[in-house]
Amino acid sequence: PTTFRQRASELHLGAPRIETSLTSSALAPGGRIAGAIALYNFDQASALPIRIVLVEHNTLYTRRLSERVRHGRSWSVAVESPAGGHERGTPFEFQVPTDIVPSFRTASFIHGFALQIEVKTGFLSTSTLSIPITIANDHVLKDESLGLVTPSVGASRMEELGREVAARRGY
């Protein structure tokens with residue numbers, strides 16, 4: 001289980017920020033992507049639609065040391081963060097297609113995937129968090145996703161941390 005967030009260098013003070021936890025970032029075709037999303041510095045007065053997209057991408061490295069990236073198929077699911085509770089964490093889950101081509105790499109080519117979390121921040125702007133995902137055949141993975149619990153995010157994560165520190169100090 002891992003937690004991801006946007007890099008501080010990508011944001012300015014008070015900018016909308018996304019934090020996401022996943023049970024695993026390595027999945028098998030037909031596997032399940034599960035996690036939770038916390039949002040910071042977004043309008044708390046209304047519910048926010050969140051689009052979660054698994055994007056296939058192919059990267060070709062040329063002799064001139066440049067790279068060409070082409071996006072392939074994508075699969076998405078929509079969830080909604082409730083009004084007033086964006087920092088509490090919104091759970092999500094969806095199935096990876098069974099006919100998906102697993103990730104692979106050669107000396108000059110990479111076939112990979114990214115999970116993109118997209119939240120509309122204004123009329124023409126969207127805040128996005130991109131997480132690299134590995135798709136591998138069942139025999140490569142030891143099915144790590146079975147029995148894993150999604151780590152907490154946002155305010156819930158901070159509350160758990162506070163309780164843990166207090167317990168260590170005898171409070």
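**Hairpin.** I started with β5 and β6, which form a hairpin with five residues between them. Leu-65 sits in that turn and has a positive phi of about 60 degrees. β6 covers residues 67-81 and pairs with β5 in the antiparallel sense over 13 bridges; pairing here takes at least two DSSP bridges between two strands.

**What I am looking at.** This is a predicted model, where local features need pLDDT of at least 70, side-chain atom pairs count only at pLDDT 80 or more, and totals for chains, interfaces and linings use all residues. Residues are numbered from 1 along each chain as its sequence is written, and side-chain values use heavy atoms, with hydrogens and water left out.

**Confidence.** pLDDT is the predictor's confidence in each residue, from 0 to 100. I noted a chain mean of 80, with 80% of residues at 70 or more. β5 (residues 48-61) is the highest at a mean of 91, while β1 (residues 2-5) is the lowest at 69. Over residues 143-149 pLDDT stays under 50, and the model has six contacts beyond four places in sequence for them; contact means heavy atoms within 4.5 Å.

**Layout.** Of the contacts between residues at least 6 apart in sequence, 64% join residues at least 24 apart.

**Core.** Which residues have the most contacts inside the largest nonpolar core? I get Ile-33, Ile-52, Leu-54, Leu-115 and Ile-133, in a core of 25 residues. Elements giving two or more residues to this core include β5, β6, β9 (109-120) and β10 (126-135). Such a core is a set of buried Ala, Val, Leu, Ile, Met, Phe, Trp, Tyr and Cys residues joined through side-chain atoms within 4.5 Å. Leaving aside neighbours within four places in sequence, I see Leu-54 in contact with, among others, Ile-33, Trp-75, Phe-94, Phe-113, Leu-115 and Ile-133.

**Ser-24.** Last stop was the loop between β2 and β3 (26-27), where Ser-24 is found. Is Ser-24 buried or exposed? Ser-24 counts as buried because its relative accessibility is 10%, and buried means under 20% relative accessible area (exposed is over 50%, partly exposed in between; 1.4 Å probe, protein chains only). A polar atom of the Ser-24 side chain lies 3.0 Å from the backbone oxygen of Ala-26.

Terms used: Helix = DSSP H or I, 4+ residues; strand = E, 2+ residues; numbered from the N terminus. Polar contact = N/O pair within 3.5 Å; in protein donor to acceptor, adjacent residues only side chain to side chain.
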